[in-house]
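Hi everyone, thanks for coming. Please take a moment to look at the slide, and then I'll walk you through it.

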Amino acid sequence: MSRDYKDLKEFVQLLKKSKVKLIVDDLPQAHTNNELVDQFMLDMMIQLMGFVAQNERDKIRERQVQGIKLAKANKYV
């Protein structure tokens with residue numbers, strides 16, 4: 001849905017305000033037949049996955065910058 005933590009949270013809030021129910025089929029922890037527990041688990045998992053996705057994207061960008069610097073340094077050596 002997003003690799004930006006803040007955007008993901010805002011998008012999920014927009015879905016909730018629009019009365020859209022988000023169901024993740026391959027997340028069995030969010031299907032307990034208790035609506036409150038299911039919503040809590042889904043919210044927690046979405047936030048966790050959003051954090052992990054953004055964190056990984058930030059690391060990719062950092063490694064990309066490092067690679068470009070190394071490539072430029074090696075070009076002039």
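Predicted model: local features only at pLDDT ≥ 70, side-chain atom pairs only at ≥ 80, totals over all residues.

So, which residues are exposed on the other side of helix 1?

Let's begin with the whole chain. You can count two helices and zero strands. The C-alpha atoms fill a box of roughly 65 × 25 × 15 Å along the principal axes. For comparison, a compact globule of 77 residues would have a radius of gyration near 11 Å, whereas this chain has 19 Å. Buried residues account for 16% of the 77 residues. As for the surface, the chain exposes about 6600 Å², and 57% of that comes from carbon and sulfur atoms. Now take the contacts between residues at least 6 apart in sequence: 41% of them join residues at least 24 apart.

Now let's zoom in on helix 1. This helix runs over residues 5-17, which makes 13 residues.

What sits at the start of it? D4 caps the N-terminal end of helix 1. Look for a side-chain oxygen of D4, which lies 3.1 Å from the backbone nitrogen of K6.

Next, the buried residues of this helix: L8, V12 and L15 are buried. If you look down the axis of helix 1, its buried residues fall within an arc of 55°, so they line one face of the helix. And what covers them? The cover includes helix 2, residues 35-75.

That brings us back to my opening question. On the other side of helix 1, the exposed residues are K6 and K17.

One last stop, and it's K19. You'll find K19 in the loop between helix 1 and helix 2, just after helix 1. What is the phi of K19, given that it is not a glycine? The phi is positive, at about 65°. And is K19 buried or exposed? With a relative accessible area of 75%, K19 counts as exposed, because the cut-off for that word is over 50%.

That's the tour from me.

Terms used. Residues numbered from 1 in each chain as written. Heavy atoms only, no water. Helix = DSSP H or I, 4+ residues; strand = E, 2+ residues; numbered from the N terminus. Expected span 1.5 Å × (residues − 1). Buried < 20%, exposed > 50% of the residue type's maximum accessible area, 1.4 Å probe, protein only. Arc of directions from axis to C-beta. Contact = heavy atoms within 4.5 Å. Polar contact = N/O pair within 3.5 Å; in protein donor to acceptor, adjacent residues only side chain to side chain. Rg over C-alpha atoms; globule rule 2.2 N^0.38 Å. Areas by Shrake-Rupley, 256 points an atom, 1.4 Å probe, with all protein chains shown as cover.
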